[in-house]
Number of protein chains: 4
Amino acid sequence: MTPDEWFAFLRQDFARGFPAYCGIEVTHVAHGVFETRLNVRPEHQQQDGFVHAGVMATMADHTGGYAAFTIVPPDRRVLTIEFKINFLRPAAGQQLLCRARVINGGRRIIVSEADVFSVADGAEKHVARALVTLMAVEADRTRRTEQRHPELCA
Amino acid sequence: MTPDEWFAFLRQDFARGFPAYCGIEVTHVAHGVFETRLNVRPEHQQQDGFVHAGVMATMADHTGGYAAFTIVPPDRRVLTIEFKINFLRPAAGQQLLCRARVINGGRRIIVSEADVFSVADGAEKHVARALVTLMAVEADRTRRTEQRHPELCA
Amino acid sequence: MTPDEWFAFLRQDFARGFPAYCGIEVTHVAHGVFETRLNVRPEHQQQDGFVHAGVMATMADHTGGYAAFTIVPPDRRVLTIEFKINFLRPAAGQQLLCRARVINGGRRIIVSEADVFSVADGAEKHVARALVTLMAVEADRTRRTEQRHPELCA
Amino acid sequence: MTPDEWFAFLRQDFARGFPAYCGIEVTHVAHGVFETRLNVRPEHQQQDGFVHAGVMATMADHTGGYAAFTIVPPDRRVLTIEFKINFLRPAAGQQLLCRARVINGGRRIIVSEADVFSVADGAEKHVARALVTLMAVEADRTRRTEQRHPELCA
């Protein structure tokens with residue numbers, strides 16, 4: 001598989017399940033880099049009319065995770081071990097952008113950072129910064145069995 | 001407003017916008033404590049059929065935030081400054097439970113912890129632990145103005 | 001090696017290098033549990049006369065790490081992947097206590113929590129809470145070679 | 001007080017108590033930026049001969065905190081609310097460098113990032129990344145009274 005084929009696969013793979021339900025779209029993919037966009041809808045908001053922290057966290061986690069995916073071989077998958085996110089200011093714009101990049105890629109442990117920007121009237125504001133720790137594991141075909149992940153589970 | 005009236009208000013206030021879109025429901029409220037539930041649907045999943053990290057993060061953040069809400073006076077609101085979440089094992093069950101409690105309540109800064117459990121066939125498994133830092137600010141009526149939050153914004 | 005022999009080894013192994021320089025002592029060890037103590041000295045303080053955040057972070061990281069050590073086989077070592085710590089109030093007492101316990105022990109990834117208490121005039125105050133992520137790796141004899149840790153390094 | 005006078009004050013203020021005990025020195029100060037250095041000594045190590053995580057955490061916290069100090073008025077102080085740090089690879093060099101910068105400066109809440117590099121034979125390796133949340137509070141003269149910090153304490 002060439003890098004371009006791998007990136008094309010990841011673009012398609014990205015938007016399923018919860019990220020698709022949230023409406024997150026891929027805008028750019030390169031080695032160690034992943035960027036996404038979200039058009040803000042009423043269901044993304046919290047009680048004050050700003051974008052909910054959970055939307056930004058989902059975007060940062062998933063985009064940071066796919067940045068990690070770009071650097072692992074195609075027979076590997078990545079799992080989020082943990083992340084931390086700081087909310088820098090309320091996100092009031094009509095669109096969110098997320099730009100993630102790998103800051104350290106070990107054979108097992110990969111660390112990505114992800115920045116979220118709110119776009120209002122063409123101006124971007126930095127609204128969140130996340131640091132995401134991921135683990136690369138062998139992909140296998142079985143689904144929905146916890147036994148697949150003895151690295152994590154007791 | 002009595003504590004019971006305040007808790008009743010918070011129960012109702014909880015499930016709007018994104019948390020409502022995700023389907024998170026309140027199960028229990030007390031001073032410093034908030035508990036919620038989510039019936040897992042296909043749109044909550046990631047590519048492997050487990051619940052997406054973003055769903056658990058949203059649940060932990062929002063439930064931890066409302067635990068903080070229970071201890072502030074009714075003229076205050078709480079904002080999430082940041083949170084960190086560890087994913088302990090894949091969440092494969094039909095239902096998620098989240099139990100949050102305040103571990104330190106300052107006048108300005110409140111810290112909550114939130115645990116997420118996956119329930120399958122009646123057995124609970126601990127799937128995530130979050131630590132959430134919140135700030136209490138004066139509530140005001142204006143909506144969608146960043147100027148409301150000079151504490152956070154430059 | 002019996003569990004008691006393992007715990008005795010860990011007690012001795014704990015206080016070397018930086019933790020010894022800081023003066024951290026072991027008070028209790030059990031399966032998944034590690035507890036330590038520090039008598040506060042002027043060199044532990046920050047500019048206001050409280051204990052420096054770095055002292056509490058060192059204590060939480062090292063105690064949380066040794067809690068993880070208690071549950072791995074003797075041919076394994078644990079490395080800190082990352083940690084997060086919240087400072088709940090200034091630490092003004094004459095002594096610090098740290099109580100750590102494993103909250104999830106996978107074969108590879110172990111998560112510990114560590115609480116730090118400040119003791120003044122016999123009363124304990126909760127001053128910090130940390131969440132520590134560790135990785136168990138095969139112990140080997142070679143020292144000071146980064147090549148030992150391909151899990152982390154590129 | 002001019003910015004240069006303020007920066008000169010911070011350079012001097014930096015290395016007291018625990019950071020001085022650790023041997024951390026200031027190398028560069030500018031608006032929103034703080035950089036420090038540490039010559040590694042045996043007492044900085046952990047059991048494998050690498051620099052202890054607590055040393056890097058102390059350096060990242062203190063340097064990130066002083067980056068925040070550079071942007072507040074002289075009648076303010078900054079407190080660390082929390083931080084998170086990822087350890088990217090073992091630190092095996094003879095010197096550590098820390099470069100911190102403010103990524104968001106609100107009136108109350110300031111977020112800094114801090115990178116730690118290990119220098120061996122002239123080559124720098126990125127060994128840790130931290131994200132630090134700080135709060136600006138009014139400076140006052142009283143020392144060692146918790147009552148000074150009602151923002152944090154209950």
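A: Asp115(A) and Arg129(A) form a salt bridge, with their closest N and O atoms 2.8 Å apart. The term means that a side-chain nitrogen of Lys or Arg lies within 4 Å of a carboxyl oxygen of Asp or Glu. Asp115(A) belongs to strand 5 (residues 109–120) of chain A and Arg129(A) to strand 6 (residues 123–138) of chain A, so the bridge ties together parts that are 14 residues apart in sequence. Strands (E, at least two residues) and helices (H or I, at least four) are DSSP runs, numbered from the N terminus.

This is a predicted model, in which local features need pLDDT of at least 70 and side-chain atom pairs count only at pLDDT 80 or more, while totals for chains, interfaces and linings use all residues; side-chain values use heavy atoms, with hydrogens and water left out. Residues are numbered from 1 along each chain as its sequence is written, and chains are lettered from A and ligands numbered from 1 in the order in which they are written.

Are the two partners buried or exposed? Asp115(A) is buried, at 11% relative accessible area, and Arg129(A) is buried too, at 4%. Buried means under 20% relative accessible area, exposed means over 50%, and partly exposed lies in between (1.4 Å probe, protein chains only).

Two other bridges have partly exposed partners. In chain B, Arg41(B) and Glu43(B) form a salt bridge with a closest N to O distance of 2.7 Å. Arg41(B) is partly exposed at 28%, and so is Glu43(B) at 23%. In chain C, Arg37(C) and Glu25(C) form a salt bridge, the closest N and O atoms being 3.5 Å apart. This pair links distant parts of the chain, with Arg37(C) in strand 2 (residues 33–39) and Glu25(C) in strand 1 (residues 24–30), 12 residues apart. Arg37(C) is partly exposed at 29%, as is Glu25(C) at 32%.

Asp115(A) and Arg129(A) also belong to a network. Over all chains the count is 48 salt bridges.

Four salt bridges are counted between chain A and chain B. One salt bridge joins the side chains of Glu82(A) and Lys84(B), at 2.7 Å from N to O. Chain A has 50 residues in contact with 50 residues of chain B, where contact means heavy atoms within 4.5 Å. About 4,400 Å² is buried between chain A and chain B, and carbon and sulfur atoms give 52% of that area. Buried area is the accessible area (1.4 Å probe) that two parts lose on being put together, summed over both. Helix 2 (17–22), helix 3 (53–69) and strand 3 (76–87) of chain A each supply at least two residues of the side that touches chain B.

How are chain A and chain B related? The same surface serves both copies, since 100% of the contact residues of chain A recur in chain B.
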